[in-house]
Amino acid sequence: MTSQPTFTPDAELTADEARRIVLAAQGLLGAPDRRAGVLGVLHSLGAVQLDTISTLARSHELVPYSRLGPVGRSTVESAYWSGETAFEYWSHAACVLPMSTWPDFAFRRRHYRGRGHLWGHQVSKESFDTVLGRLRTEGPLTATALGGAKNKGEWWDWSETKIAVERALAFGDVVCVRRDGWKRVYDLPERVVPATLLAEEPDDAECLRRLVRLAGRQLGVATRADLMDQYRLTRAQVDAALPGSGLVPVAVAGWGARAAREGVWADPDALAAPPRGRHRATLLSPFDSLVWDRPRTARVFGGFEHRLEAYVPAAKRVHGYFVMPILVGGRLVGRVDPAREGRTLVARRMSFEAGAAVGERVLAGAADALRAAAGWVGCDDVRIEALDHESTRARLTALLAG
């Protein structure tokens with residue numbers, strides 16, 4: 001049993017200082033690195049979560065858009081699925097990851113292999129060997145080409161072939177570095193992962209040290225629970241890795257007794273150079289790494305409650321189907337549930353934070369974020385349907401028109 005690291009703060013931060021460090025670490029404060037582009041965003045965030053839902057665009061497209069502004073779909077696809085720069089694996093969830101982190105997940109591949117199954121799915125050795133044999137002789141294939149991704153039931157009713165190839169993916173016997181449409185293309189690691197990375201096989205302790213260090217840089221300022229959530233690590237794993245991670249213990253005023261009790265760590269480089277620059281006004285995917293951890297989002301952004309309601313029955317939804325937080329001036333000021341009707345972006349429901357002063361800066365930023373998103377997806381008009389703060393409608397409409 002590992003002992004919990006001693007927590008003696010090396011620095012004290014205000015809540016605003018911590019929030020600005022978080023925003024800078026997430027690429028949402030300061031000038032965007034357009035030369036590094038989408039791949040640069042992927043490297044700085046460490047993981048971009050994948051999801052099938054598409055309203056304005058799919059989440060993996062919305063994430064770089066929020067940092068860089070208008071980026072073409074082909075640019076995003078090339079960065080993620082060129083076959084050389086990234087791979088898909090289980091991280092925070094199903095994510096696109098920089099290829100450079102392939103060795104860091106050796107501990108997880110070993111864990112899945114030792115467990116022997118994937119989420120309780122069982123598969124015969126014959127099916128498993130057949131999948132690997134076909135990939136070896138025929139080259140990269142989708143699950144459909146291998147024999148079909150699912151049975152005749154619901155979408156989660158995977159076929160034996162799909163179970164086999166996903167199990168092989170979890171073990172590291174196959175890898176996905178490309179997609180055909182939205183279908184994973186499976187290949188053998190030795191054909192696509194650079195030999196130097198493939199040969200690197202760090203032990204579990206080294207993998208965990210690297211991932212905790214990366215999580216600290218990606219989050220900027222983080223509690224122990226935040227570090228755990230970033231790559232879905234256990235408390236024991238994080239506690240064992242923290243002493244060698246290089247992260248600095250800090251105290252953050254206003255983050256509450258629980259954070260003070262369990263400890264907060266920061267990226268030392270972020271502490272050495274306090275972030276400066278312009279805040280982005282943008283809409284965020286509900287799967288964006290800035291907000292994917294609900295307790296952290298509430299702590300960093302003054303109680304902002306973020307919840308994806310796509311899987312909530314329609315009658316029980318509060319804010320809508322694909323609720324996108326609105327970021328203005330470095331704060332989460334409201335939410336919008338967007339849709340498209342022809343060349344019109346429709347805000348099916350829009351609200352501002354109840355405690356926020358819905359002033360000119362917030363309204364102007366929200367209008368800018370809506371107009372920019374509309375232009376990015378090929379819309380030339382914005383229409384607001386339900387608006388929780390009805391008194392703001394006239395001014396918001398004027399700002400959208402202007």
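Rings of Phe, Tyr and Trp (its six-membered ring) pair if their centres lie within 6.5 Å, and planes under 30 degrees apart count as stacked, over 60 as edge-to-face and the rest as tilted. By this rule, the structure holds eight aromatic pairs, and ring pairs link Tyr80, Trp81 and Trp182 into a cluster. This is a predicted model, in which local features need pLDDT of at least 70 and side-chain atom pairs count only at pLDDT 80 or more, while totals for chains, interfaces and linings use all residues. Residues are numbered from 1 along each chain as its sequence is written, and side-chain values use heavy atoms, with hydrogens and water left out.

**Two aromatic pairs**

- Tyrosine 89 and phenylalanine 105 form an edge-to-face pair, 6.0 Å centre to centre with 70° between the planes.
- Because tyrosine 89 lies in strand E3 (residues 86–90) and phenylalanine 105 in the loop between strand E4 (94–98) and helix H5 (106–115), this pair ties together parts that are 16 residues apart in sequence.
- Phenylalanine 128 and phenylalanine 171 form a tilted pair, 5.9 Å centre to centre with 50° between the planes.
- Phenylalanine 128 belongs to helix H6 (residues 125–138) and phenylalanine 171 to helix H8 (residues 160–171), so their pair ties together parts that are 43 residues apart in sequence.
- Helices (H or I, at least four residues) and strands (E, at least two) are DSSP runs, numbered from the N terminus.

**Burial**

- Tyrosine 89 and phenylalanine 105 are both buried, and so are both phenylalanine 128 and phenylalanine 171, where buried means under 20% relative accessible area (1.4 Å probe, protein chains only).

Definitions and conventions: Buried < 20%, exposed > 50% of the residue type's maximum accessible area, 1.4 Å probe, protein only.
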